[in-house]
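Visitor: I am new to reading structures. Please show me how to look at the surroundings of a ligand.
Guide: Let us go through one example together.

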Amino acid sequence: MYLPVMLNTEGKKIVVIGGGSVALEKIQKLINFDARVEAVSLNFLPSLLEMGPKVQCRVSPYHKDHITNAFLVISATNDALVNRQVYEDCRALHILCNVVDQPDLCDVVFTSALKRGQLIFSVSTSGQSPILGQKIIGKLKEEYDESWEEKIKLLGAIRTIFKEMERDSVKRNKMLRAIIYKDTETLRRILEKLTINGG
Ligand SMILES: C[C@@]1(CC(=O)O)C2=NC(=C\c3[nH]c(c(CCC(=O)O)c3CC(=O)O)Cc3[nH]c(c(CC(=O)O)c3CCC(=O)O)/C=C3\N/C(=C\2)[C@@H](CCC(=O)O)[C@]3(C)CC(=O)O)/[C@H]1CCC(=O)O
Ligand SMILES: NC(=O)c1ccc[n+]([C@@H]2O[C@H](COP(=O)([O-])OP(=O)(O)OC[C@H]3O[C@@H](n4cnc5c(N)ncnc54)[C@H](O)[C@@H]3O)[C@@H](O)[C@H]2O)c1
């Protein structure tokens with residue numbers, strides 16, 4: 001069974017073992033969610049070496065020391081023995097582990113995801129059909145277009161003011177429910193009014 005949660009990766013060490021196309025895909029996802037990555041591999045795709053300060057690449061065979069104090073480790077090598085070793089080291093050190101495409105060696109599995117600013121959709125099929133997850137996210141992409149990046153910010157700002165303004169949680173919930181599907185312009189105006197009235 002998988003519990004759906006959101007991981008706070010800010011300031012945490014995330015280690016990726018491997019430097020091929022599968023590692024690249026995972027690292028791109030991690031960067032997209034603002035994580036900092038330490039990658040260890042015998043060799044790296046050139047694009048991985050050019051990913052900037054958020055990705056530190058170390059050319060080396062995997063060693064247990066590389067994962068000390070890691071919050072999360074992802075193993076994406078083409079060597080099954082190395083992948084298993086990484087998993088076992090993680091177990092011994094109580095570190096969360098994902099071995100790509102090997103659910104039996106995963107504490108954490110990757111989901112199909114869509115990020116619209118702070119609005120995040122994450123779909124898992126519990127390993128049954130990753131392609132179905134991808135398709136569902138594809139549909140959500142159309143329904144929740146890029147305008148949601150601003151909308152979610154506005155909703156957050158309005159909610160913060162409502163929390164100050166209305167102590168009665170039943171009334172506050174009603175107010176919050178009334179605004180969630182307003183268009184961006186209306187939300188901007190509501191926030192402007194609240195800000196002027198508050199200040
Ligand atoms: C969501 C996504 C995220 C990502 O990978 O970042 C992801 N797989 C994706 C795509 C994908 N993976 C595979 C194919 C080929 C078609 C097929 O086989 O179906 C495609 C399609 C493609 O490539 O287009 C092969 C595959 N995957 C796993 C196995 C092992 C097995 O089933 O036993 C095998 C067979 C390997 C073999 O042949 O030996 C296992 C896992 N794959 C997961 C995640 C986790 C469960 C997610 C969930 O709960 O739904 C889990 C359990 C562990 C993990 O890897 O974390 C990503 C979507 C892309 C996106 O949306 O960005
Ligand atoms: N490429 C795909 O689309 C795909 C899809 C599904 C599964 N896979 C599987 O995922 C794995 C990785 O795929 P890939 O395409 O990225 O492979 P790849 O061969 O391009 O990369 C493997 C990486 O692992 C590194 N590596 C090997 N031994 C190591 C060690 N001891 N220490 C540190 N690094 C080590 C290599 O240097 C290389 O950078 C493979 O097992 C592959 O079968 C690949």
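Guide: Start with how residues are sorted. Asp, Glu, Lys and Arg count as charged. Ala, Val, Leu, Ile, Met, Phe, Trp, Tyr, Cys and Pro count as nonpolar, and the others, Gly among them, as polar. Keep in mind that this is a predicted model.

Visitor: How do the residues of the shell around ligand 2 divide?
Guide: The shell around ligand 2 has seven nonpolar residues, nine polar and one charged.

Visitor: Which residues are closest to ligand 2?
Guide: A residue belongs to the surroundings if one of its heavy atoms lies within 4 Å. Around ligand 2 there are 17 residues. Val 22, Ser 41, Asn 43, Tyr 62 and Asp 101 are the closest.

Visitor: Which backbone atoms lie by an oxygen atom of ligand 2?
Guide: For a polar contact, look for a pair of N or O atoms within 3.5 Å. Val 22 has a backbone N or O atom 2.9 Å from an oxygen atom of ligand 2. For Ser 21, again with a backbone N or O atom, the distance is 3.1 Å. For such an atom of Thr 77 it is 3.5 Å. The protein buries 63% of the 830 Å² that ligand 2 exposes when taken alone.

Visitor: Now ligand 1. Which residues come nearest?
Guide: Lys 26, Lys 29, Ser 112, Ser 124 and Thr 125 come nearest, out of 17 residues around ligand 1.

Visitor: Which polar atoms lie by an oxygen atom of ligand 1?
Guide: Check side chains, then backbone. In the side chain of Lys 29, an N or O atom is 2.7 Å from an oxygen atom of ligand 1. Thr 125 has a polar side-chain atom 2.7 Å from a ligand 1 oxygen atom. Ser 126 uses a polar backbone atom, at 3.0 Å from an oxygen atom of ligand 1. On its own, ligand 1 has 1,100 Å² of accessible area, and the protein covers 62% of it.

Visitor: Which elements give two or more residues to the shell around ligand 1?
Guide: They are helix 1 (21-32) and helix 4 (130-143). Helix 4 gives the most, with three residues. The shell around ligand 1 holds six nonpolar, eight polar and three charged residues. The space that ligand 1 takes is the second largest pocket.

Visitor: What does the domain assignment give?
Guide: It gives domain 1 (13-110), domain 2 (111-144) and domain 3 (147-198). Domain 1 and domain 2 each supply at least three residues to the shell around ligand 1. The C-alpha centres of domain 1 and domain 3 are 40 Å apart.

Conventions:
Residues numbered from 1 in each chain as written. Chains lettered and ligands numbered in written order. Predicted model: local features only at pLDDT ≥ 70, side-chain atom pairs only at ≥ 80, totals over all residues. Heavy atoms only, no water. Polar contact = N/O pair within 3.5 Å; in protein donor to acceptor, adjacent residues only side chain to side chain. Areas by Shrake-Rupley, 256 points an atom, 1.4 Å probe, with all protein chains shown as cover. 1 Å grid on protein atoms, 1.4 Å probe; cavity = no way out; pocket = protein on both sides within 12 Å on 5 of 7 lines; lining within 4 Å. Sits in = over half its atoms within 2 Å of the grid points. Helix = DSSP H or I, 4+ residues; strand = E, 2+ residues; numbered from the N terminus. Domains from an automatic or database assignment.
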